[in-house]
Every structure is written in C-alpha cells, then in structure tokens.
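Hello,

Here is the structure for you to take over. Please open it first, then read the notes below it.

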Amino acid sequence: DSSATSAILMDIDSKKIMYAKDIHNVRSVASISKIMTAILALESGKSDNLVTIGDEINTAYGSGIYIQKGEKIKLQDLVYGLMLRSGNDAALAIANYVAGSIDNFVKLMNEKAIDIGMKNTTFNNPSGLDEEKGNYSTAYDMAILTSYAMKNKDYQKIVATKKYKVETNKNIYSWTNKNKLLNIYKYTTGGKTGYTKKAK
C-alpha cells in the first residue's frame, strides 16, 4: 500500500487503473502543474522561437532557473528549465510568451484540462505555487494529464533528460533533472516532481 494520501497506477494507453487510493481527492498539486504548462508550450508550434525575457519574471520566487530580463532563450529550452529544474521563472516566461499574458495562459490551461478529460482540476497559475491561489487537482486527473503528455515525443524526450546545457546571450546553464527516480529506478521514463509546504 502507498504511504501517499492519494495515488494511482494507470496504463497510459488503455487508461486502465491498476491501483487506486483516494484518486478523486482534490488537493494542491504544486509543481506537477508544470506538466500542463510544458505541453501547452510544446503544442504552441513556437518551440524554436527565441523568447526575450521581460518583466513577467519579476514575481517569480521559489525554485528557478534564474533567467534575467533581456535574456534571449528558445522556448523549448525554457521547457527544459521548467521540467528539469522546476523553474517558476520559466513558467511565467512561457505563459507570457505563448498566450500574451499569464491570465490568458491560465485560461488555456483550464480549457485544455476539460478537453483531455480532467474532471476536478482548477489552474490559477502556470507554476503550481500555492501561497495565494494554487492549482488544485486529483491523482486521477494528473494521471490523465501525464498519459496525454507522454504521447508527445518532445515532452517524452525532455522529461527523460538527466542533464541539459543551454547557452543564451547572457549565460551558460547546465541543468540536472530534479527527478531522482530517473537515476534510482531504471524503468522510469520521465515525470515531474513537486513540493510546497501546503501541498507536501
């Protein structure tokens, strides 16, 4: 039995549930929210575009990739920073670039959730930070989101990456994936971790 409050084991092709524990229990999902942010970025058709970082990152706190205003970085590289380092600054930069504003991006997140069959999810931001208005979902909905995301080849590649190097006009970054399972458990093909004091 799992020690988690909520847990699910789902086959991503058939959607068959093999293990379930409080799978419809709505709770803060913290940075697991970034799976939705990543998939919207990758489906935008702008992956190779150069993003110029602006004031949108000023409100970022917590985990970050520490990009600076005026920095130019490919959208796909921002997704690497989002998923490997759980960059909250990357989440804001992605949202602003893809949808023109954070609010517009949050609308896209909620629309996509409904489109793919997520039943009890509310997104309020692209990162999962929950000090003000957090993102709420269930183990079931997160399994639906993950199974959808893992059908995307670029997403698959990014979440399976252990180390990634990026060069911008201002910096050279070397990111190591925070997902320890990639190194500990040989059958791990990707995923996303998340933690806040509220979400645990």
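**Helix α3 and other findings**

Helix α3 covers residues 88–99, which is 12 residues; at 1.5 Å a residue they should span 16 Å, and the end C-alpha atoms lie 17 Å apart, which agrees. The expected span is 1.5 Å times one less than the number of residues. This is a predicted model: local features need pLDDT of at least 70, side-chain atom pairs count only at pLDDT 80 or more, and totals for chains, interfaces and linings use all residues. Residues are numbered from 1 along each chain as its sequence is written, and side-chain values use heavy atoms, with hydrogens and water left out.

Helices (H or I, at least four residues) and strands (E, at least two) are DSSP runs, numbered from the N terminus.

α3 is mostly covered, with 10 of its 12 residues buried. Buried means under 20% relative accessible area, exposed over 50%, and partly exposed in between (1.4 Å probe, protein chains only). Among the buried residues are L92, I94 and V98. Their cover includes α1 (34–42), α2 (75–85) and α4 (102–115); contact means heavy atoms within 4.5 Å. Just after α3, G100 takes a positive phi of about 90°.

Now the strands. β1 (residues 7–10) and β2 (residues 17–21) run antiparallel, joined by four bridges. Two strands pair if DSSP finds at least two bridges between them. A7 has K21 as its bridge partner in β2. Six residues lie between the strands of this hairpin, where K15 takes a positive phi near 65°.

Last, Y187. This residue sits in the segment after α7 (181–184). Y187 is exposed, at 57% relative accessible area.

Best wishes
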